[in-house]
Amino acid sequence: MQFNSYFFILLFLPVCVAGYFWLNKINYFLGMLYLLGMSLWFYGYFNKSYLLLIICSIVVNFALSKTIERNTSFLKKAALTAGIVFNLGMIFYFKYYDFFIQNVNRVFERDFNLKHILLPLGISFFTFQQLSYILDSYSGKTGGGGYNFIEYALFISFFPQLVAGPIVLHDELIPFFRDKSKKKINADNLAHGIIMFTLGLFKKVMIADVLGRMVAWGFDNIETATSMDFILVMLAYTFQIYFDFSGYSDMATGIAWMFNFRLPMNFNSPYKAYSVIDFWKRWHMTLTRFLRTYIYFPLGGSRKGAARTYLNTMAVFLVSGIWHGANYTFILWGLLHGLAQCINRRFKGLYERWEPVIQWGMTFSFLNVTWLLFRAESLHQWKTLCAKIVSLADMRISSQLINQVSLPELNFLYQNTSLGWLNSHIRGFSMWLLFAVCFWVTLNCENNQQRQLKPGGITLAAVPVLLVWCLVSLSSISVFLYFNF
């Protein structure tokens, strides 16, 4: 089930919110049980066969965590080992098995059959979340086993963060389940949540999906697209993944607000970053936290000298690349970001003496090139595209690329305002306008999770208009990019 679908917006979400608070009036346990059932329905809606997978994963991890919390010595260590092997093994089988077999066949000239396994949505997210709980149980950070099964199962499967994050820690969500003051509907929280959800939906439908059409055209026409076309396609993908992920984060946070819950911030204006180090403090913040807490620190962090620090950093970003997908493009993407982190750290003093605009320009340029790698289907394709861009052989802009940004709403705007003159005299005006909006929003606007979104006069007028606009524009349901990871 997609957040950006009629079924979710007009039926599932209102029924879920209303049913949860109505059942809370009868019994709090019924309310939690209902929310758990709705969350599992949300997940099973994608593919019913994988509903059993997440249920089994929850049951096994809960049993192992209880074993860890209630035992010492051998059983505790055995349960921890089993939990790590189970969770990583599940990710390996569903996400990397075919990739592994392909490489075995290539290296050893064998012909093992591929399974062509359909990747369960959100497996990387809910598995990492359960892995963090297992590790916290071993460290004694889960309150000595005080959580019951329903609380744990809802913590893992709570539908706003189930398939694309954030990766939530137990003490960030379960206390909300237990807080009786959160069991009644709160008009302010509901209004805040609707505003957040609408803004996120607008980012997804009206910005990310439009940019996505430009990106799709570029990758469908690699042979005929010009150098300038791919400079614009590269920039379009840089903004597409930003607004797609930012939109999802806003929508997930907004839904949680409707239930009086709070999800941790996962996205904090990352294109304002002046370095790659700063970027990773702002982009997918809960994944960065997971990698830092459960990999970087146990490896020694920065406590064992410069060489070990750089090695640990590269290891973390190698894991980050592998986590994102079974392709050498993701592995190289992670390693390049790790290398950039090491260079930033090594030459920090020199780098910070440069003008801020140069720092930002270098960071943003690096992100563009590596996002192109992230989107490419292979290393060869990425090298081909980079060569085409660097050659500057043909700086014309294809009309087909410009036409991807042609929208009925913009045509109506041009017909009824003075912008029509600009549109008729500037080729590709709609495209340039879209890029200008993207730059302005990413560099000047405050993060929605930090803003005081209150239902004032302007907001009350604007939010319904934006919501209706988005609903009217839902001609097709597009998958959020991070659903693929």
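**A close look at H337**

Mentor: H337 touches V276, F279, W280, F317, F366, L367 and T370, leaving aside residues up to four places away in sequence. Touching, or contact, means heavy atoms within 4.5 Å. This is a predicted model, in which local features need pLDDT of at least 70, side-chain atom pairs count only at pLDDT 80 or more, and totals for chains, interfaces and linings use all residues. Residues are numbered from 1 along each chain as its sequence is written, and side-chain values use heavy atoms, with hydrogens and water left out.

Where does H337 lie? H337 is part of helix 13, residues 328-346. Helices here are DSSP runs (H or I, at least four residues), as are strands (E, at least two), and they are numbered from the N terminus. H337 is buried, with a relative accessible area of 1%. Buried means under 20% relative accessible area, exposed over 50%, and partly exposed in between, with a 1.4 Å probe and protein chains only.

T370 is one of the residues that H337 touches. The two side chains also make a polar contact, at 3.3 Å. A polar contact is a pair of N or O atoms within 3.5 Å; within protein, one must be able to donate a hydrogen and the other to accept it, and residues adjacent in sequence count only if both atoms are side-chain atoms.

Now to the helix pairs. Helix 9 (227-258) packs with helix 15 (residues 356-375) at an angle of about 85 degrees, and their axes are 9 Å apart. Axes are lines fitted to C-alpha atoms, for helices over the stretch in contact, and angles run from 0 to 180 degrees between N-to-C directions. Helix 9 and helix 15 are therefore roughly perpendicular to each other. Angles under 35 degrees count as roughly parallel, over 145 as roughly antiparallel, 65 to 115 as roughly perpendicular and the rest as oblique. From helix 9, the residues that meet helix 15 are M234, L235, Y237, T238, F239 and I241. Their partners in helix 15 are F364, N368, V369, W371, L372, F374 and R375. The residues of this contact divide into 10 nonpolar, two polar and one charged. Ala, Val, Leu, Ile, Met, Phe, Trp, Tyr, Cys and Pro count as nonpolar, Asp, Glu, Lys and Arg as charged, and the others, Gly among them, as polar.

The loop between helix 9 and helix 10 (276-280) holds N260. N260 has a positive phi of about 70 degrees, although it is not a glycine. N260 is buried, at 1% relative accessible area. S269 is found in the loop between helix 9 and helix 10 too. S269 is not a glycine, yet its phi is positive, about 45 degrees. At 4% relative accessibility, S269 counts as buried.

Next, helix 11 (residues 285-296) and helix 12 (residues 306-324). Their axes come within 10 Å and cross at roughly 130 degrees. That makes helix 11 oblique to helix 12. Helix 11 passes helix 12 in a right-handed crossing. A crossing is left-handed if the near helix is turned anticlockwise from the far one by less than a right angle, and right-handed if clockwise. Helix 11 brings L287, L291, I295 and Y296 to the contact. Helix 12 brings T309, N312, T313, V316, V319, S320, W323 and H324. Seven of these residues are nonpolar, five are polar and none is charged.

Helix 3 and helix 5 pack at an angle of about 10 degrees, with axes 9 Å apart. They are therefore roughly parallel to each other. The helix 3 side of the contact is L53, I54, S57, I58, N61, L64, S65, I68 and E69. The helix 5 side is I123, F126, Q130, Y133, I134, S137 and Y138. The contact residues divide into 10 nonpolar, five polar and one charged.

Helix 3 (residues 51-70) also holds K66. K66 is buried, with a relative accessible area of 9%. Its side chain reaches the backbone oxygen of Y147 at 2.8 Å.

H116 lies in the loop between helix 4 (73-108) and helix 5 (123-138). Is H116 buried or exposed? H116 is exposed, at 64% relative accessible area.
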